[in-house]
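Reader: I have a protein model open beside its sequence, and I would like to learn how to read it step by step. Could we go through it together?

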Amino acid sequence: MYRKNMISATKSILKTPERSPEHEHTWHRRKIAKSWSIARLLRYGCEATRLAIRIRRAPGGCKIGAACTAAAVILASASCRHQPDIVHRTWPAMGTFASIIVPAEDSSLLPGLADEARMTLENLESRFSVYRTDSDISRINAAAGEHPVPVAPETAQLLEKCAFYSRKSDGAFDATIGPALALWRESSRKGTMPSPGEIRAAAALVDYRLLTVEGNAAMLQKKGMSADLGGIAKGFAVDVCLNRLQESGARNVMVDLGGNMRCLGSPDASRQWLIGVRHPFDRSRIIGRLSLASGAAVATSGNYERFVEIQGRKFGHILDPRSGLPADEMASVTVTARSACEADALSTAIFVLGMERGARLLQQFRECGAILVPNREPVEVWMTADLQGAFAPEKEYSSSVRLLDTRPGL
Ligand code: ADP
Ligand code: MG
(Lines give C-alpha, C1' and ligand atoms only; values in the text may rest on other atoms or scores of the structure.)
(Ligands and ions follow the chains in the order given, each with its own letter.)
Protein backbone atom coordinates (compact mmCIF):
# COMPACT_ATOMS: atom_id res chain seq x y z
CA MET A 1 0.00 0.00 0.00
CA TYR A 2 2.84 2.38 0.78
CA ARG A 3 5.58 3.30 -1.63
CA LYS A 4 8.16 0.61 -1.49
CA ASN A 5 11.17 2.73 -2.36
CA MET A 6 12.98 4.75 0.23
CA ILE A 7 12.53 8.41 -0.43
CA SER A 8 14.78 11.07 0.92
CA ALA A 9 13.83 12.76 4.14
CA THR A 10 13.67 16.12 2.40
CA LYS A 11 10.97 14.89 0.11
CA SER A 12 9.26 12.48 2.39
CA ILE A 13 8.46 15.09 4.97
CA LEU A 14 6.51 16.95 2.32
CA LYS A 15 4.61 13.98 1.02
CA THR A 16 1.82 12.04 2.61
CA PRO A 17 2.04 8.28 2.40
CA GLU A 18 -0.34 6.65 -0.01
CA ARG A 19 -3.32 5.30 1.88
CA SER A 20 -6.36 3.25 1.33
CA PRO A 21 -9.16 5.34 -0.22
CA GLU A 22 -11.02 5.02 3.07
CA HIS A 23 -8.15 6.41 5.08
CA GLU A 24 -7.73 9.24 2.61
CA HIS A 25 -11.00 11.03 3.22
CA THR A 26 -11.49 10.18 6.83
CA TRP A 27 -9.22 11.63 9.46
CA HIS A 28 -7.13 14.42 8.01
CA ARG A 29 -3.57 13.99 9.05
CA ARG A 30 -1.13 16.79 8.79
CA LYS A 31 2.13 15.84 7.24
CA ILE A 32 4.43 16.17 10.19
CA ALA A 33 4.63 14.78 13.66
CA LYS A 34 3.41 16.59 16.75
CA SER A 35 6.87 16.53 18.17
CA TRP A 36 9.39 18.01 15.78
CA SER A 37 11.42 15.30 14.23
CA ILE A 38 15.06 15.29 13.29
CA ALA A 39 13.99 14.92 9.69
CA ARG A 40 12.25 18.24 10.02
CA LEU A 41 15.30 19.87 11.50
CA LEU A 42 17.43 18.67 8.62
CA ARG A 43 14.88 19.88 6.13
CA TYR A 44 14.41 23.37 7.51
CA GLY A 45 17.76 23.89 9.15
CA CYS A 46 18.39 25.88 12.27
CA GLU A 47 18.65 29.22 10.55
CA ALA A 48 15.10 29.13 9.29
CA THR A 49 13.40 27.92 12.42
CA ARG A 50 15.81 27.99 15.36
CA LEU A 51 13.73 25.10 16.60
CA ALA A 52 13.51 21.35 16.39
CA ILE A 53 15.32 18.35 17.75
CA ARG A 54 18.57 19.41 19.24
CA ILE A 55 21.24 17.77 21.20
CA ARG A 56 22.37 19.25 24.43
CA ARG A 57 24.99 18.66 27.04
CA ALA A 58 24.08 16.06 29.62
CA PRO A 59 23.07 17.70 32.87
CA GLY A 60 26.27 16.46 34.50
CA GLY A 61 26.73 18.33 37.73
CA CYS A 62 24.02 20.74 36.87
CA LYS A 63 21.10 21.10 39.26
CA ILE A 64 17.59 20.43 38.04
CA GLY A 65 15.70 23.52 37.01
CA ALA A 66 16.96 26.89 35.94
CA ALA A 67 20.56 25.84 35.36
CA CYS A 68 19.62 23.10 32.93
CA THR A 69 17.12 25.27 31.21
CA ALA A 70 19.71 27.96 30.72
CA ALA A 71 22.22 25.44 29.41
CA ALA A 72 19.76 24.26 26.84
CA VAL A 73 19.18 27.78 25.59
CA ILE A 74 22.88 28.58 25.34
CA LEU A 75 23.61 25.38 23.50
CA ALA A 76 20.60 25.73 21.28
CA SER A 77 21.80 29.03 19.93
CA ALA A 78 25.36 27.78 19.70
CA SER A 79 24.30 24.68 17.80
CA CYS A 80 22.47 26.82 15.28
CA ARG A 81 25.78 27.56 13.65
CA HIS A 82 26.24 23.90 12.81
CA GLN A 83 24.12 21.13 11.46
CA PRO A 84 23.99 18.62 14.28
CA ASP A 85 26.15 15.61 13.53
CA ILE A 86 23.39 13.10 13.16
CA VAL A 87 22.07 11.17 10.18
CA HIS A 88 18.65 9.66 9.59
CA ARG A 89 16.43 7.64 7.29
CA THR A 90 12.72 8.42 6.97
CA TRP A 91 9.97 6.51 5.17
CA PRO A 92 6.17 6.18 5.25
CA ALA A 93 4.95 3.59 7.77
CA MET A 94 1.74 2.88 9.69
CA GLY A 95 -0.09 5.84 8.16
CA THR A 96 2.63 8.30 9.17
CA PHE A 97 6.42 8.57 8.87
CA ALA A 98 9.08 6.51 10.58
CA SER A 99 12.60 7.82 11.16
CA ILE A 100 15.73 6.16 12.47
CA ILE A 101 18.34 8.65 13.64
CA VAL A 102 21.91 7.91 14.68
CA PRO A 103 25.05 9.98 15.35
CA ALA A 104 26.96 10.75 12.14
CA GLU A 105 29.91 8.65 13.34
CA ASP A 106 27.59 5.60 13.24
CA SER A 107 26.33 6.36 9.73
CA SER A 108 27.67 3.07 8.38
CA LEU A 109 25.13 1.32 10.65
CA LEU A 110 22.19 3.34 9.39
CA PRO A 111 21.16 1.36 6.27
CA GLY A 112 21.14 -1.92 8.21
CA LEU A 113 19.23 -0.44 11.14
CA ALA A 114 16.69 1.24 8.85
CA ASP A 115 16.10 -2.04 6.97
CA GLU A 116 15.60 -3.87 10.23
CA ALA A 117 13.17 -1.20 11.46
CA ARG A 118 11.30 -1.18 8.17
CA MET A 119 10.78 -4.94 8.24
CA THR A 120 9.70 -4.83 11.88
CA LEU A 121 7.16 -2.07 11.25
CA GLU A 122 5.79 -3.74 8.12
CA ASN A 123 5.26 -6.95 10.04
CA LEU A 124 3.48 -5.19 12.91
CA GLU A 125 1.36 -3.13 10.55
CA SER A 126 0.21 -6.28 8.79
CA ARG A 127 -1.04 -7.52 12.19
CA PHE A 128 -2.56 -4.34 13.64
CA SER A 129 -3.90 -2.27 10.74
CA VAL A 130 -7.66 -1.86 10.43
CA TYR A 131 -7.07 -0.91 6.79
CA ARG A 132 -5.92 -4.43 5.90
CA THR A 133 -8.67 -6.99 5.78
CA ASP A 134 -6.32 -9.86 6.65
CA SER A 135 -4.77 -8.24 9.75
CA ASP A 136 -5.35 -9.83 13.16
CA ILE A 137 -7.44 -6.83 14.22
CA SER A 138 -9.62 -6.89 11.08
CA ARG A 139 -10.20 -10.61 11.56
CA ILE A 140 -11.17 -10.08 15.21
CA ASN A 141 -13.57 -7.33 14.10
CA ALA A 142 -15.09 -9.50 11.37
CA ALA A 143 -15.74 -12.30 13.92
CA ALA A 144 -17.23 -10.01 16.61
CA GLY A 145 -19.94 -11.77 18.58
CA GLU A 146 -19.22 -15.03 16.77
CA HIS A 147 -15.97 -16.78 17.63
CA PRO A 148 -12.41 -16.29 18.92
CA VAL A 149 -9.69 -15.64 16.36
CA PRO A 150 -6.11 -16.95 16.60
CA VAL A 151 -3.64 -14.07 16.62
CA ALA A 152 0.13 -13.58 16.57
CA PRO A 153 1.89 -13.43 19.97
CA GLU A 154 2.64 -9.72 19.50
CA THR A 155 -1.05 -9.01 18.89
CA ALA A 156 -2.04 -10.91 22.04
CA GLN A 157 0.63 -8.99 23.94
CA LEU A 158 -0.61 -5.63 22.66
CA LEU A 159 -4.23 -6.49 23.45
CA GLU A 160 -3.17 -7.34 27.02
CA LYS A 161 -1.55 -3.92 27.24
CA CYS A 162 -4.76 -2.31 25.93
CA ALA A 163 -6.70 -4.04 28.71
CA PHE A 164 -4.15 -2.86 31.30
CA TYR A 165 -4.33 0.83 30.29
CA SER A 166 -8.12 0.64 29.97
CA ARG A 167 -8.41 -0.66 33.53
CA LYS A 168 -5.95 1.92 34.86
CA SER A 169 -7.73 4.79 33.12
CA ASP A 170 -11.17 3.48 34.06
CA GLY A 171 -12.06 3.11 30.39
CA ALA A 172 -10.82 6.50 29.11
CA PHE A 173 -8.43 4.50 26.95
CA ASP A 174 -10.54 1.92 25.14
CA ALA A 175 -9.34 0.05 22.07
CA THR A 176 -12.93 -1.03 21.29
CA ILE A 177 -13.65 2.57 20.28
CA GLY A 178 -14.16 1.40 16.65
CA PRO A 179 -17.97 1.85 16.32
CA ALA A 180 -17.81 5.45 17.58
CA LEU A 181 -14.89 6.25 15.27
CA ALA A 182 -16.78 4.73 12.34
CA LEU A 183 -19.85 6.84 13.10
CA TRP A 184 -17.90 10.12 13.09
CA ARG A 185 -16.06 9.07 9.92
CA GLU A 186 -19.30 8.19 8.19
CA SER A 187 -20.94 11.43 9.32
CA SER A 188 -18.05 13.38 7.88
CA ARG A 189 -18.43 11.52 4.60
CA LYS A 190 -22.15 12.38 4.50
CA GLY A 191 -21.58 15.92 5.75
CA THR A 192 -24.22 15.62 8.49
CA MET A 193 -23.87 15.58 12.26
CA PRO A 194 -24.56 12.21 13.88
CA SER A 195 -27.79 12.24 15.90
CA PRO A 196 -27.68 11.84 19.71
CA GLY A 197 -29.35 8.43 19.26
CA GLU A 198 -26.68 7.30 16.80
CA ILE A 199 -23.92 8.49 19.13
CA ARG A 200 -25.50 6.66 22.08
CA ALA A 201 -25.89 3.48 20.05
CA ALA A 202 -22.23 3.58 18.94
CA ALA A 203 -21.00 4.30 22.49
CA ALA A 204 -23.05 1.33 23.77
CA LEU A 205 -20.87 -0.94 21.61
CA VAL A 206 -17.65 0.35 23.22
CA ASP A 207 -16.48 -1.72 26.18
CA TYR A 208 -12.93 -2.90 26.68
CA ARG A 209 -14.10 -5.64 29.08
CA LEU A 210 -15.70 -7.40 26.12
CA LEU A 211 -12.42 -7.73 24.22
CA THR A 212 -11.05 -10.94 25.65
CA VAL A 213 -7.73 -12.67 25.09
CA GLU A 214 -7.13 -16.28 26.01
CA GLY A 215 -3.76 -17.69 25.07
CA ASN A 216 -3.31 -16.80 21.43
CA ALA A 217 -7.00 -16.25 20.67
CA ALA A 218 -8.89 -12.98 20.93
CA MET A 219 -12.56 -12.18 20.66
CA LEU A 220 -14.99 -9.29 20.75
CA GLN A 221 -17.96 -10.62 22.66
CA LYS A 222 -20.73 -8.59 21.01
CA LYS A 223 -21.78 -8.28 17.40
CA GLY A 224 -21.17 -4.80 16.00
CA MET A 225 -18.14 -4.16 18.24
CA SER A 226 -14.82 -3.29 16.63
CA ALA A 227 -11.28 -2.66 17.83
CA ASP A 228 -8.94 0.10 16.69
CA LEU A 229 -5.39 0.23 18.02
CA GLY A 230 -4.61 3.74 16.72
CA GLY A 231 -4.07 5.04 20.26
CA ILE A 232 -1.32 2.58 21.21
CA ALA A 233 0.03 0.57 18.26
CA LYS A 234 2.61 3.11 17.10
CA GLY A 235 4.11 3.36 20.57
CA PHE A 236 4.20 -0.42 20.90
CA ALA A 237 5.86 -0.65 17.48
CA VAL A 238 8.54 1.86 18.53
CA ASP A 239 9.42 -0.32 21.53
CA VAL A 240 9.65 -3.47 19.41
CA CYS A 241 11.81 -1.61 16.88
CA LEU A 242 14.14 -0.18 19.49
CA ASN A 243 14.64 -3.59 21.09
CA ARG A 244 15.48 -5.14 17.71
CA LEU A 245 17.90 -2.33 16.88
CA GLN A 246 19.58 -2.76 20.24
CA GLU A 247 19.94 -6.49 19.57
CA SER A 248 21.50 -5.59 16.22
CA GLY A 249 24.19 -3.59 17.97
CA ALA A 250 22.76 -0.05 18.02
CA ARG A 251 23.88 1.88 21.09
CA ASN A 252 22.89 5.45 20.24
CA VAL A 253 19.70 5.70 18.24
CA MET A 254 16.36 7.48 18.16
CA VAL A 255 13.22 5.89 16.69
CA ASP A 256 10.41 8.24 15.71
CA LEU A 257 7.07 6.95 14.44
CA GLY A 258 4.75 9.89 13.84
CA GLY A 259 5.79 11.66 17.04
CA ASN A 260 6.00 8.49 19.14
CA MET A 261 9.66 8.54 20.01
CA ARG A 262 12.12 6.54 22.04
CA CYS A 263 15.86 6.90 22.25
CA LEU A 264 18.85 4.91 23.31
CA GLY A 265 22.15 6.39 24.40
CA SER A 266 22.82 9.90 23.19
CA PRO A 267 24.03 11.71 20.07
CA ASP A 268 27.49 12.02 21.65
CA ALA A 269 29.15 11.49 24.99
CA SER A 270 28.30 14.95 26.32
CA ARG A 271 24.79 15.51 25.01
CA GLN A 272 21.27 14.13 25.26
CA TRP A 273 18.63 13.75 22.61
CA LEU A 274 16.47 16.87 22.63
CA ILE A 275 13.11 17.30 20.94
CA GLY A 276 10.69 20.18 20.49
CA VAL A 277 7.04 19.88 21.59
CA ARG A 278 4.75 21.47 19.06
CA HIS A 279 2.51 24.42 19.86
CA PRO A 280 -1.05 23.07 19.50
CA PHE A 281 -2.50 26.31 18.13
CA ASP A 282 0.37 27.34 15.88
CA ARG A 283 2.12 24.53 14.11
CA SER A 284 5.04 26.72 13.09
CA ARG A 285 6.11 27.04 16.73
CA ILE A 286 7.02 24.87 19.67
CA ILE A 287 6.09 25.36 23.32
CA GLY A 288 9.41 24.06 24.60
CA ARG A 289 12.25 21.57 24.34
CA LEU A 290 12.43 18.29 26.10
CA SER A 291 15.61 16.31 26.64
CA LEU A 292 15.45 12.55 26.85
CA ALA A 293 17.65 10.27 28.90
CA SER A 294 18.69 6.94 27.39
CA GLY A 295 15.71 4.59 27.13
CA ALA A 296 13.13 7.36 27.57
CA ALA A 297 10.06 7.60 25.39
CA VAL A 298 7.69 10.45 24.56
CA ALA A 299 4.33 10.70 22.81
CA THR A 300 1.94 13.55 22.14
CA SER A 301 -1.82 13.36 21.59
CA GLY A 302 -3.40 16.42 20.04
CA ASN A 303 -6.61 17.46 18.37
CA TYR A 304 -4.88 19.67 15.81
CA GLU A 305 -3.47 17.01 13.54
CA ARG A 306 -6.25 14.60 12.86
CA PHE A 307 -9.89 15.50 12.82
CA VAL A 308 -13.06 15.16 10.77
CA GLU A 309 -14.88 18.16 9.41
CA ILE A 310 -18.67 18.29 9.47
CA GLN A 311 -20.56 21.36 8.30
CA GLY A 312 -17.42 23.46 8.64
CA ARG A 313 -16.71 22.36 12.24
CA LYS A 314 -13.69 20.30 13.20
CA PHE A 315 -14.02 17.29 15.48
CA GLY A 316 -10.91 15.67 16.92
CA HIS A 317 -10.12 11.98 16.40
CA ILE A 318 -9.81 11.10 20.09
CA LEU A 319 -13.20 10.14 21.45
CA ASP A 320 -14.54 9.82 24.96
CA PRO A 321 -15.64 6.17 25.12
CA ARG A 322 -18.40 6.97 27.64
CA SER A 323 -20.16 9.61 25.57
CA GLY A 324 -18.97 8.72 22.06
CA LEU A 325 -18.15 12.42 21.61
CA PRO A 326 -14.79 13.93 20.65
CA ALA A 327 -12.79 14.81 23.77
CA ASP A 328 -12.30 18.58 23.80
CA GLU A 329 -10.89 19.65 27.16
CA MET A 330 -7.26 19.36 26.08
CA ALA A 331 -5.37 20.75 23.10
CA SER A 332 -2.23 18.71 23.56
CA VAL A 333 -0.97 16.05 25.97
CA THR A 334 2.69 14.99 25.96
CA VAL A 335 3.73 12.07 28.13
CA THR A 336 7.24 10.81 28.89
CA ALA A 337 7.61 7.22 30.01
CA ARG A 338 9.98 4.27 30.18
CA SER A 339 8.28 2.74 27.15
CA ALA A 340 6.79 4.26 24.00
CA CYS A 341 3.73 2.04 24.42
CA GLU A 342 3.02 3.53 27.85
CA ALA A 343 3.61 7.09 26.60
CA ASP A 344 1.25 6.50 23.67
CA ALA A 345 -1.57 4.91 25.68
CA LEU A 346 -1.37 7.42 28.54
CA SER A 347 -1.27 10.45 26.24
CA THR A 348 -4.50 9.28 24.61
CA ALA A 349 -6.10 8.47 27.98
CA ILE A 350 -5.16 11.82 29.55
CA PHE A 351 -6.40 13.62 26.47
CA VAL A 352 -9.81 12.10 27.21
CA LEU A 353 -9.65 12.57 30.99
CA GLY A 354 -8.57 16.22 30.98
CA MET A 355 -6.40 18.01 33.52
CA GLU A 356 -7.81 16.96 36.85
CA ARG A 357 -8.58 13.32 36.19
CA GLY A 358 -5.46 13.08 34.00
CA ALA A 359 -3.33 14.20 36.96
CA ARG A 360 -4.98 11.51 39.07
CA LEU A 361 -4.15 8.86 36.48
CA LEU A 362 -0.53 10.01 36.53
CA GLN A 363 -0.40 9.29 40.28
CA GLN A 364 -0.42 5.62 39.33
CA PHE A 365 2.56 6.07 36.98
CA ARG A 366 5.26 7.65 39.09
CA GLU A 367 7.94 7.27 36.43
CA CYS A 368 5.94 9.18 33.82
CA GLY A 369 6.02 12.92 33.23
CA ALA A 370 3.52 15.07 31.37
CA ILE A 371 3.22 18.43 29.65
CA LEU A 372 -0.40 19.48 29.20
CA VAL A 373 -1.95 22.31 27.22
CA PRO A 374 -5.68 22.81 27.87
CA ASN A 375 -7.90 23.66 24.93
CA ARG A 376 -8.34 27.35 25.72
CA GLU A 377 -6.58 30.60 25.07
CA PRO A 378 -4.35 32.23 26.15
CA VAL A 379 -2.08 29.21 26.10
CA GLU A 380 -1.38 27.56 29.45
CA VAL A 381 1.42 25.04 29.83
CA TRP A 382 1.17 22.62 32.76
CA MET A 383 3.90 20.14 33.57
CA THR A 384 4.73 17.57 36.21
CA ALA A 385 7.47 18.55 38.68
CA ASP A 386 9.77 15.70 37.62
CA LEU A 387 10.19 17.28 34.16
CA GLN A 388 11.55 20.54 35.55
CA GLY A 389 15.10 19.62 34.64
CA ALA A 390 14.24 18.10 31.28
CA PHE A 391 11.64 20.44 29.79
CA ALA A 392 12.66 23.94 28.78
CA PRO A 393 9.63 26.02 27.81
CA GLU A 394 10.01 28.66 25.13
CA LYS A 395 10.75 32.10 26.51
CA GLU A 396 7.21 33.42 26.22
CA TYR A 397 5.88 30.64 28.46
CA SER A 398 8.73 30.28 30.92
CA SER A 399 7.14 32.51 33.58
CA SER A 400 3.68 31.08 33.11
CA VAL A 401 4.38 27.34 33.21
CA ARG A 402 2.37 25.81 36.04
CA LEU A 403 3.13 22.68 37.96
CA LEU A 404 0.64 19.87 37.76
CA ASP A 405 0.03 18.37 41.16
CA THR A 406 0.22 14.60 40.95
CA ARG A 407 0.90 13.83 44.59
CA PRO A 408 -1.03 10.81 45.79
CA GLY A 409 -4.10 11.41 47.86
CA LEU A 410 -5.25 14.55 46.06
P1 ADP B 1 -2.08 9.73 17.06
O2 ADP B 1 -2.56 8.42 16.53
O3 ADP B 1 -2.46 10.88 16.21
O4 ADP B 1 -0.64 9.72 17.44
P5 ADP B 1 -3.17 9.08 19.62
O6 ADP B 1 -2.03 8.24 20.01
O7 ADP B 1 -3.73 9.93 20.70
O8 ADP B 1 -2.86 10.01 18.41
O9 ADP B 1 -4.30 8.10 19.11
C10 ADP B 1 -5.48 8.55 18.54
C11 ADP B 1 -6.13 7.38 17.86
O12 ADP B 1 -6.53 6.44 18.87
C13 ADP B 1 -7.39 7.71 17.10
O14 ADP B 1 -7.12 8.06 15.76
C15 ADP B 1 -8.17 6.41 17.21
O16 ADP B 1 -7.68 5.49 16.25
C17 ADP B 1 -7.81 5.90 18.57
N18 ADP B 1 -8.67 6.40 19.66
C19 ADP B 1 -9.56 7.44 19.66
N20 ADP B 1 -10.12 7.59 20.87
C21 ADP B 1 -9.60 6.60 21.66
C22 ADP B 1 -9.79 6.22 23.03
N23 ADP B 1 -10.62 6.87 23.83
N24 ADP B 1 -9.09 5.15 23.48
C25 ADP B 1 -8.24 4.46 22.69
N26 ADP B 1 -8.02 4.78 21.40
C27 ADP B 1 -8.67 5.84 20.89
MG1 MG C 1 -1.71 7.53 21.92
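Reader: Which atom of ligand 1 does a backbone N or O atom of Asp174 lie close to, and how many Å apart are they?

Author: To read a polar contact, one looks for a pair of N or O atoms within 3.5 Å. In this predicted model, a backbone N or O atom of Asp174 lies 2.9 Å from a nitrogen atom of ligand 1. A polar backbone atom of Leu319 is likewise 2.8 Å from a nitrogen atom of the ligand, while an N or O atom in the side chain of Asp228 is 2.7 Å from one of its oxygen atoms. As for how much of the ligand is covered, taken alone it exposes 560 Å², and the protein buries 98% of that.

Reader: Which residues come nearest to ligand 1, and how many of each class are in the shell around it?

Author: Of the 20 residues around the ligand, those that come nearest are Asp228, Ser301, His317, Leu319 and Asp344. By class, the shell has eight nonpolar, five polar and seven charged residues, and its largest share, three residues, comes from α11.

Key:
Residues are numbered from 1 along each chain as its sequence is written. Chains are lettered from A and ligands numbered from 1 in the order in which they are written. This is a predicted model: local features need pLDDT of at least 70, side-chain atom pairs count only at pLDDT 80 or more; totals for chains, interfaces and linings use all residues. Side-chain values use heavy atoms; hydrogens and water are left out. A residue is near a molecule or strand if one of its heavy atoms lies within 4 Å of it. A polar contact is a pair of N or O atoms within 3.5 Å; within protein, one must be able to donate a hydrogen and the other to accept it, and residues adjacent in sequence count only if both atoms are side-chain atoms. Accessible areas come from the Shrake-Rupley method with a 1.4 Å probe; for residues, only the protein chains shown count as cover. Helices (H or I, at least four residues) and strands (E, at least two) are DSSP runs, numbered from the N terminus. Ala, Val, Leu, Ile, Met, Phe, Trp, Tyr, Cys and Pro count as nonpolar, Asp, Glu, Lys and Arg as charged, and the others, Gly among them, as polar.
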